Amino acid sequence: MMEFYVQPVGIMQANAYVVFNPKRDDAVVIDPGAEPEAIRLALRGRKLAAILLTHGHMDHIGAVGALRSEDVPVFLHEGDAAMLTNPNLNLAVMVGVEGNQGEPDFCLQEGDTELSGLMFTVLHTPGHTKGSVCYLCDGVLFSGDTLFKAGIGRTDFPGGDRKAMRASLKRLAALDAKIRVCPGHGGETTIGAERRYIS
């Protein structure tokens, strides 16, 4: 059974998620966008086993460099791989922060990835960026900036694509209505509650 904590971080208050199997002493962090010390505290003594990124924008990757190590691999969809090291692509230049977080250790594609005793299903949902993904785990969808409560992600940044976003949202709308949606910003919702916006 999966459990998680949410830790809003940075000036954009992006949601970093600490996801774990309560039977284990390690955890996965999704989208550590800033404030690495706050994220370490949110681990509550658990060892950081891996970093999963929903996409490559700076407000979701800003603490990667501080948290990663040889024992903490970073996972990102191949479509956004270049964004980890390019401040123009990850938008770090817009906010005047360091934009190079290092190369991803693993480039994800569609499918399942098992980490820390949990099965994450990777859903490629381009639109906000080329490599945007959602992670489905135990009835919870970590949707990044693809889907919010009563809203959807922007498509006017580099790599954004309105047509691709529509297709991705249609795909998410077909998921079980009871699935909890934990977005990259803001509060939690469900697929059923968001169908009026994304169908």
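Is Y17 buried or exposed? At 5% relative accessibility, Y17 counts as buried; here buried means under 20% relative accessible area, exposed over 50% and partly exposed in between, with a 1.4 Å probe and protein chains only. This is a predicted model, in which local features need pLDDT of at least 70, side-chain atom pairs count only at pLDDT 80 or more, and totals for chains, interfaces and linings use all residues. Residues are numbered from 1 along each chain as its sequence is written, and side-chain values use heavy atoms, with hydrogens and water left out.

View 1. The model has 6 aromatic pairs, where rings of Phe, Tyr and Trp (its six-membered ring) pair if their centres lie within 6.5 Å, with planes under 30 degrees apart counted as stacked, over 60 as edge-to-face and the rest as tilted. Take F4 and Y17: their rings sit edge-to-face, 6.0 Å centre to centre and with 70° between the planes. F4 belongs to strand β1 and Y17 to strand β2, so to speak for distant parts of the chain, 13 residues apart. F4 is buried too, with a relative accessible area of 19%. The rings of Y5 and F20 make a tilted pair, because their planes stand at 40°, with the centres 5.2 Å apart. Y5 is in β1 and F20 in β2, so this pair ties together parts 15 residues apart in sequence. Y5 counts as partly exposed at 22% relative accessibility, while F20 is buried at 1%. Ring pairs also link F4, Y17 and F142 into a cluster.

**View 2. The open sheet.** Six strands line up in the order β1-β2-β3-β4-β5-β6, with mixed pairing; strands (E, at least two residues) and helices (H or I, at least four) are DSSP runs, numbered from the N terminus. The edge strands, β1 (3-9) and β6 (106-108), each pair on one side only. From one strand to the next, the twist averages 25°. Two strands pair if DSSP finds at least two bridges between them. For β4 (residues 47-52) and β5 (residues 74-77), 2 bridges do the joining, and the strands run parallel. Look for L52, whose bridge partner in β5 is F75.

**View 3. Around A14.** A14 sits in strand β2 (residues 14-20). At 0% relative accessibility, A14 counts as buried. Contact means heavy atoms within 4.5 Å, and beyond its neighbours within four places in sequence, A14 touches Q7, P8, V9, D59, H60, G184 and H185.

**View 4. Around I61.** Here we move to helix α2 (residues 58-61), which holds I61. I61 is buried, at 0% relative accessibility. Leaving aside neighbours within four places in sequence, the contacts of I61 include P32, G33, L53, M83 and Q101.

**View 5. Helix α5 and its cover.** Helix α5 (residues 162-173) has 12 residues and spans 16 Å from first C-alpha to last, close to the 16 Å expected at 1.5 Å a residue; that expected span is 1.5 Å times one less than the number of residues. Its buried residues are A164, M165, S168, L169, L172 and A173. Their cover includes β8 (118-124), β9 (133-137), β10 (140-144) and α6 (191-198). At the N-terminal end, D161 caps α5, with a side-chain oxygen 3.0 Å from the backbone nitrogen of K163.

Notes: Polar contact = N/O pair within 3.5 Å; in protein donor to acceptor, adjacent residues only side chain to side chain. Axes fitted to C-alpha atoms, helices over the stretch in contact; angles between N-to-C directions.
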